[in-house]
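This report describes selected features of one protein model. The sequence and structure are shown first, and the description follows.

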Amino acid sequence: MTAYNEIKSNVNAVGAIDWDRRLFDELIPLPDGTSYNSYLVQGTEKTALIDTVDPSKTDVLLRNLGQLNPGHIDYIIANHAEQDHSGSIPVILQKFSDAQVVCTAKCKDMLIDLLGIPEKQFKVVSDGEILSIGNRTLQFIHTPWVHWPETMVSYLREEKLLFTCDFFGSHLATSDLYVTDNAQVLQAAKRYYAEIMMPFRIPIRSNMKKLEPLDINMIAPSHGPIYREPKLIMDAYRDWISDTVKNEVVIPYVSMHHSTARMVEYLTDALVKRGITVKPFNLTHTDIGELAMALVDTATIVIGTPTVLTGPHPLAVYGAYLANALRPKLKYASVIGSYGWGGKSLDILTSMIPNIKAELLKPVLIKGYPREEHFKALDDLADQIEQKHREEGIIEVDELVTE
Ligand code: FEO
């Protein structure tokens, strides 16, 4: 945003759009940029600023606040300590030195560590605590592990408006203040969930439950557009955090001399013939956000790797490490690949995925370029995957394709 926008009477969005950012945490691709949303809530007695912006956009926040000219900011609500939301707090405190930073106890410690904010500036709030700003009331609900341990959300009772910071957010730079294209936003929100929230699927369940008693008619996250229909994103989250998996096989792979690639190609065809959706990802040029998104729902992962210096290819190691860190709700896993003279690819890869509570299906590791008996082994693996998916009840009869 390059100007403030009123979303409710005396509630203004004052944050910044980052159209150009293409990487977050020096890791996560941002194909659609992002935004750092900040909201100014003015009551008859006090004024609260909810979240700030990334330090690279402090000037935009200050300009937007200057145009609104609130006179004073009494509270800076820090729903989350990460610097893309907290990084401009020190500058706001220079301007409004009496303002109190309102946050959880853990967030206070983190903001002292990360930004050197003096202890006297803080007002720590307990779970469910209420703060009156005159004719309006803010309530703070602790929602730990979305996606750091200190996170909370803020509920503006009179407006039924929930400020959720990262929770329900999307990395999406758009001039639309509100969600207008549901499919586009759900895609961006799923990518965001996959990259950032998926490892915390179980804590998110508890936090979703805590939100159930609230009457919410608008969700204002601190990344991406605002939801005027909260059901859209809340239903999507319920689906993503459920134990339900899809009839899909994700195959992150790398191949040096096309042997492993040929195996991936053959297995892909064999699975498709059995009515299973397959998503192969060549790790030499995969957008890891796309891979993460595919891991949200898939029942099965098969890692494809050649052997390099007695172990798996480093890109396969990267893929396995990432999958393990993201903790997807996988049910089955296997490894396929080719070696020249031996190695420990299987042992190394399987030892790298302790967080994935999946059943290991019989791997297919072969010497050299695949031949008839190897294709037979891949058919056996495809049969096994089909059988497991049938046992899960995720293969529909009409999905079966016959030759
Ligand atoms: Fe958008 Fe966890 O920061």
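In which loop is T143 found? T143 lies in the loop between β13 (137-142) and β14 (152-156); helices (H or I, at least four residues) and strands (E, at least two) are DSSP runs, numbered from the N terminus. The model is predicted, so local features need pLDDT of at least 70 and side-chain atom pairs count only at pLDDT 80 or more, whereas totals for chains, interfaces and linings use all residues. Residues are numbered from 1 along each chain as its sequence is written, and side-chain values use heavy atoms, with hydrogens and water left out.

T143 is buried, as its relative accessible area is 0%; buried means under 20% relative accessible area, exposed over 50%, and partly exposed in between (1.4 Å probe, protein chains only). Not counting residues up to four places away in sequence, T143 touches T151, M152, V153 and N207, where contact means heavy atoms within 4.5 Å.

**The open sheet**

An open sheet is formed by 7 strands in the order β1-β2-β7-β8-β9-β10-β11, with mixed pairing; two strands pair if DSSP finds at least two bridges between them. Its edge strands are β1 (5-8) and β11 (122-124), each of which pairs on one side only. On average, neighbouring strands of this sheet are turned by 25° against each other, direction ignored; axes are lines fitted to C-alpha atoms, for helices over the stretch in contact, and angles run from 0 to 180 degrees between N-to-C directions. Strands of a sheet pair through backbone hydrogen bonds, either parallel or antiparallel. Strand β10 (residues 100-103) pairs with β11 in the parallel sense over 3 bridges, and C103 has V124 in β11 as its bridge partner.

**Two helices**

The buried residues of α8 are S259, T260, A261, M263, V264, L267, T268, A270 and L271. They pack against β17 (246-253), β18 (277-282), β19 (298-304), β22 (332-339), β24 (364-367) and α12 (372-392). After α8 comes G275, whose phi is positive, near 80°.

In α10, the buried residues are A316, G319, A320, L322, A323, N324 and L326. Their cover includes α5, α9, β19, β21 (311-312) and α11 (345-351). R327 follows α10 and has a positive phi, near 50°.

**Pocket and cavities**

On a 1 Å grid over the protein atoms alone, a cavity is a set of points where a 1.4 Å probe fits but cannot get out, and a pocket is an open set with protein on both sides within 12 Å along at least five of seven lines; lining residues have an atom within 4 Å of a point. Grid points are joined across faces, edges and corners, and a volume is the space filled by probe spheres set on the points.

The largest pocket holds about 360 Å³ of space. Of the 21 residues that line this pocket, L27, I28, E195, I196 and L326 lie nearest its centre.

About 40 Å³ of space lies in the largest cavity, which is lined by I301, I303, A333, S334, V335, I353, I356 and L360. Two or more residues of this lining come from each of β19 and β22, and β22 gives the most, with 3 residues.
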